[in-house]
Amino acid sequence: MPERIPLARPSWTDEMRQAAMDTLDSGQWVKGPQGRAFAEEFAEYCGVEYASPCNSGSGALLAALRLLGIGPGDEVIVPSLTFIATATSVSMTGATPVFAEVEDDYWCLDVEDMTRRITPNTKAVIGVHLFGQCYDSALIERCQERGLALIEDAAQAHGASILIDGQTAMAGALGTVSCFSFFPSKNVAVGGEGGMITSAHPDIGARIKSIVDHGRDGTLQSQEVGTNMRMSEVFAAIGRKQLMHLDSWVKKRQSIASTFTEILESNTLLKAPSIRPNANHAWHQFCIQTTSAKQFIEHMNNHNIDSRLVYPTPCHRHPVYADHPQAKEEFLTTEHLCKQLVAIPVHHGLTEDEVKRILEAIQSYS
């Protein structure tokens with residue numbers, strides 16, 4: 001049996017190792033030049049003015065909610081098809097997550113269903129670029145029309161973009177505040193756990209670095225409630241090196257995804273994910289849709305290839321929300337997708353031989 005093909009394989013090179021060692025040798029392990037440079041370079045990549053590294057994507061979401069003043073009595077609309085942190089970050093502020101449906105074709109927040117759920121208590125919407133697919137630009141317009149803050153959950157969308165009015169807009173520049181996650185399975189991993197907060201808004205940008213450092217200003221006085229959500233200098237140094245490769249890594253993921261899509265066209269039991277028109281998918285995950293998920297996962301396992309249901313339980317069905325008013329509400333699209341979306345390896349670390357093996361496994365499924 002050939003070596004197992006994993007769903008993720010973190011990138012680790014000599015230049016990243018050297019950056020980490022140089023930073024450790026410098027003796028400045030926190031709040032130093034690597035973090036400042038990583039913030040500047042990431043902001044420039046996204047096309048915004050402000051950014052701050054932090055400890056995780058979940059930390060970035062919590063910081064974004066704090067930056068917007070969201071708390072008890074407020075409602076924040078979130079998709080139910082997403083990683084649970086999108087919802088629990090709202091709960092941690094004392095606000096209430098209001099769950100909404102996703103699109104049947106692109107799997108991001110359904111703008112019309114979101115609109116129906118707006119109440120006088122709605123203060124913000126969290127839009128998720130699911131699996132690396134940008135949400136509909138209509139979500140941006142709708143939030144602007146309704147005077148709602150839009151938190152961009154770009155945890156899975158490093159390198160994704162979409163055309164808006166003929167101009168390319170990068171993930172990280174598509175919300176009032178935007179949040180990224182760095183994790184071993186992500187397009188950028190920083191050597192462990194990490195996150196990034198970005199914004200183009202000066203009023204938020206003035207506070208974006210302070211919120212992850214106990215709410216302190218240059219005098220070391222806390223101007224608002226915050227906590228320690230800083231990123232280590234070592235992770236920032238690794239992140240800077242990885243950011244230099246992000247475009248080429250995304251292009252490789254796109255090439256692999258295109259090959260998978262082509263072979264899936266001939267298999268009536270499996271359906272490839274759709275790409276939103278005028279969008280640049282970053283392919284954090286390649287999720288095949290099938291009504292026989294268990295059978296397909298067993299088939300891939302027999303070929304020694306990792307695969308799994310990504311989100312088998314909608315967020316509003318998790319035990320943590322058993323007492324939520326929407327706990328028993330039916331989200332037909334979300335609930336079907338949770339049972340049908342199976343992720344297979346698409347990461348930029350795949351070898352040609354591994355891609356060939358995955359293609360052969362897909363082709364042989366019947």
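**Close-ups of aromatic pairs**

**View 1. Four phenylalanines in one cluster.** Phe-38, Phe-42, Phe-180 and Phe-182 come together as one aromatic cluster. Keep in mind that this is a predicted model. Across the structure, the tally is 10 aromatic pairs, counting ring centres that lie within 6.5 Å.

**View 2. Phe-38 with Phe-182, a tilted pair.** Here the ring centres of Phe-38 and Phe-182 sit 5.7 Å apart, with 35° between the planes, and the pair goes down as tilted. Phe-38 comes from helix α2 (residues 33-46) and Phe-182 from strand β8 (residues 177-182), so this pair ties together parts that are 144 residues apart in sequence. How buried are the two partners? Phe-38 has a relative accessible area of 0%, so it counts as buried. Phe-182 is buried too, at 0% relative accessibility.

**View 3. Phe-296 with Tyr-365, an edge-to-face pair.** The centres of the Phe-296 and Tyr-365 rings are 5.2 Å apart. Their planes meet at 80°, and the cut-off for edge-to-face is over 60 degrees, so that's the label this pair gets. Which parts of the chain does the pair link? Phe-296 belongs to helix α9 (residues 293-302), while Tyr-365 is in the segment after α11 (352-364); these are distant parts of the chain, with the two residues 69 apart.

**View 4. Burial of Phe-296 and Tyr-365.** Phe-296 is buried, with 0% relative accessibility. Tyr-365 has a relative accessible area of 6%; buried means under 20%, so Tyr-365 counts as buried as well.

Terms used
Residues are numbered from 1 along each chain as its sequence is written. This is a predicted model: local features need pLDDT of at least 70, side-chain atom pairs count only at pLDDT 80 or more; totals for chains, interfaces and linings use all residues. Side-chain values use heavy atoms; hydrogens and water are left out. Rings of Phe, Tyr and Trp (its six-membered ring) pair if their centres lie within 6.5 Å; planes under 30 degrees apart count as stacked, over 60 as edge-to-face and the rest as tilted. Helices (H or I, at least four residues) and strands (E, at least two) are DSSP runs, numbered from the N terminus. Buried means under 20% relative accessible area, exposed over 50%, partly exposed in between (1.4 Å probe, protein chains only).
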